Amino acid sequence: NRTINLKPRTENISLEMNHQYNIHLPANYSYTVDLTHDFKVTNFYKYTDYNTKSSEITFYSGSYPSSFARKYKKPGIPTKGFFLKQEIEWYLYENDQSILKEVIISYEDNTDLHIAITTEDKTNLEELTKIVESIKFLN
C-alpha cells in the first residue's frame with residue numbers, strides 16, 4: 001500500500017549526483033526523481049484539484065541542460081534571486097498559457113544545475129520561488 005506524503009515537511013534530497021540538500025515543502029507538494037548514468041532530474045509538483053492550474057519545479061543536474069524557453073516568443077526578463085545564499089539571475093518568460101522562471105548554474109566540474117519553475121498561475125510563482133530560495137546545502 002503506497003501513499004503520497006502531502007503534509008508540510010522538510011526533506012533531505014539529492015538534487016545533484018553527489019550532494020544532499022535540505023528542502024522545505026509546503027502542504028500538497030510531492031516529488032519524483034529520474035536518474036540515469038550521467039544526469040538526474042528531480043520534479044516537485046503541487047497537488048491541486050482538477051480545475052486548478054498546474055505548478056512545477058524542475059532540477060536538472062548534468063552536462064547538457066536545455067532551456068524550457070523555446071515556446072516563449074519574447075526574450076526572458078532578467079530578475080535577481082538567490083540559491084544557496086548566492087545571488088543568481090533568473091530569466092522570466094510569459095505567454096498566454098504559462099509562466100517560466102529559470103536559471104542554469106554552471107560548475108567547475110563541467111556539470112550544470114538547471115532550475116525551472118513553471119506555472120499557469122502568477123499567484124503560485126512566489127510560493128515556488130520561495131521553495132527554491134529556501135533550499136540549504138548539506139554536503
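Guide: One term is needed at the outset: a residue is called buried when its relative accessible area is under 20%, exposed when it is over 50%, and partly exposed in between. Please note also that this is a predicted model.

Visitor: Then is Asn43 buried or exposed?
Guide: Asn43 is buried, because its relative accessibility is 8%, and the cut-off for that class is under 20%.

Visitor: Where does Asn43 sit in the chain?
Guide: Asn43 belongs to strand E4, which covers residues 40–46.

Visitor: Which strand is joined to E4 there?
Guide: Strand E3, residues 29–35, is joined to E4 by seven bridges, and the two run antiparallel. E3 and E4 form a hairpin, with four residues between them.

Visitor: And which residue stands opposite Asn43?
Guide: That is Thr32. Beyond its neighbours within four places in sequence, Asn43 is in contact with Ser30, Tyr31, Thr32, Glu56, Ile57 and Thr58.

Visitor: What does the side chain of Asn43 make with Thr58?
Guide: A polar contact: the side chains of Asn43 and Thr58 come together at 2.6 Å.

Visitor: Changing topic, where is Asn5?
Guide: Asn5 lies in the segment before strand E1, which spans 9–13. Asn5 is partly exposed, because its relative accessible area is 37%.

Visitor: What does its side chain reach?
Guide: The side chain of Asn5 reaches the backbone nitrogen of Lys7, at 3.0 Å.

Visitor: And what separates Asn5 from Lys101?
Guide: Their C-alpha atoms are separated by 26 Å, and the two residues are 96 residues apart along the chain.

Key:
Residues are numbered from 1 along each chain as its sequence is written. This is a predicted model: local features need pLDDT of at least 70, side-chain atom pairs count only at pLDDT 80 or more; totals for chains, interfaces and linings use all residues. Side-chain values use heavy atoms; hydrogens and water are left out. Buried means under 20% relative accessible area, exposed over 50%, partly exposed in between (1.4 Å probe, protein chains only). A polar contact is a pair of N or O atoms within 3.5 Å; within protein, one must be able to donate a hydrogen and the other to accept it, and residues adjacent in sequence count only if both atoms are side-chain atoms. Contact means heavy atoms within 4.5 Å. Two strands pair if DSSP finds at least two bridges between them.
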